[in-house]
Amino acid sequence: MTTGKLIGIGLGPGASDLITLRALRHLETLPVLAIPRPNAWTPSLAYRIIKEHLPVGTGQEHLFLEFPMSRDPEILVPAWTKAFAAIREKLEAGLDVGFVTQGDPFVFSTFIYVFESLKEDIPGLVVEMVPGVSSINAVPNVAGRPLVDGQERLAVIPATYGIEDLRNILRSFDSVVLMKVSSIMPQIVQVLEEENLLDASVYVERATTDEQRIVHDLRRIRNDRCVYFSMVVVTKKHRNGVLRGDAPKSQLEAMHAP
């Protein structure tokens, strides 16, 4: 029997109407959807995004798979092994499986581990990717903060990458996206304050959803333990492009001529 195809489906940052048309087509037609969740009693955010788009009465199978939010290998490895095996069973039965993931499947996504493991376990496995709108795109848009322009340089890092390196990163890049800031907001605010960048920063959680929250004054939340799906965006706007002074005066005048 021919092995089924594995399809990584990016669902976007949270709003159900930010799903791409390609993702929607797969959601409506695939025989199996693998749906990640943190544990058996916590609702799946990916499922919340897609549920209104799913077909009714087609027999589509939904595999709810547990991917714990932990760094402990003794917790992660058994859960991941079980999840990978469940997907592999469907693929080896000849069924195409779509793995749905919030954001983009190749940007800080659980799907990366699924992809790497199953590609190794199943020689010749065909994988299709459906890119999604990532939070790196969504957050600056909802916050009204242009991210990069012209000559600006961008850094995207998990906030837990190392608070001791954050200062150097802020000095080396024009815009910085700090992802998953929930557990270290006090340290982040302190560094931003010391670098005189608080006014250039904005905090966003659950972007594009009906629970979206935007905070422009990070001093208000400096002692908060924020939600997991949260980001801080720092935009200095010191080097943003030829249209802000690098172009010859004649070029600028020509652009604004009637």
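**Notes on the predicted model**

1. Let's begin with Ser201, which counts as buried because its relative accessibility is 0% (buried means under 20% relative accessible area, exposed over 50% and partly exposed in between, with a 1.4 Å probe and protein chains only). Ser201 lies in strand E8, residues 201-205; helices (H or I, at least four residues) and strands (E, at least two) are DSSP runs numbered from the N terminus. Leaving aside neighbours within four places in sequence, Ser201 is in contact with Arg145, Leu192, His216, Leu218, Val232, Val233 and Val234, where contact means heavy atoms within 4.5 Å.

2. A word on the basis of these notes: this is a predicted model, in which local features need pLDDT of at least 70 and side-chain atom pairs count only at pLDDT 80 or more, while totals for chains, interfaces and linings use all residues. Residues are numbered from 1 along each chain as its sequence is written, and side-chain values use heavy atoms, with hydrogens and water left out.

3. Next, the sheet. Five strands form an open sheet in the order E3-E2-E4-E1-E5, with parallel pairing; two strands pair if DSSP finds at least two bridges between them. E3 and strand E5 (127-130) are the edge strands, each pairing on one side only. From one strand to the next, the twist averages 20 degrees.

4. Strand E2 (residues 32-37) and strand E3 (residues 61-66) run parallel and are joined by six bridges. Ala34 has Leu63 in E3 as its bridge partner.

5. Now the largest nonpolar core, which has 25 residues; Leu178, Met185, Ile188, Leu192, Tyr203 and Val232 touch the most other members. Such a core is a set of buried Ala, Val, Leu, Ile, Met, Phe, Trp, Tyr and Cys residues joined through side-chain atoms within 4.5 Å. Two or more residues each come from strand E6 (154-158), helix H6 (163-172), strand E7 (175-179), helix H7 (185-194) and strand E10 (230-235). H7 gives the most, with five residues. A second, separate core of 18 residues includes Leu6, Leu63, Phe99 and Leu118.

6. H6 deserves a look of its own. Its residues Leu166, Ile169 and Leu170 are buried. Seen down the axis of H6, the buried residues fall within an arc of 100 degrees, so they line one face of the helix; the arc is that of the directions from the helix axis to the C-beta atoms. Glu164 and Arg171, on the other side of H6, are exposed. Among the elements covering the buried residues are E6, E7, H7 and E10.

7. Finally, Ser182 is found in the loop between E7 and H7. Ser182 is buried, at 10% relative accessible area. Not counting residues up to four places away in sequence, Ser182 touches Asp224, Arg225, Cys226, Val227, Tyr228 and Ser230.

Terms used:
Axes fitted to C-alpha atoms, helices over the stretch in contact; angles between N-to-C directions.
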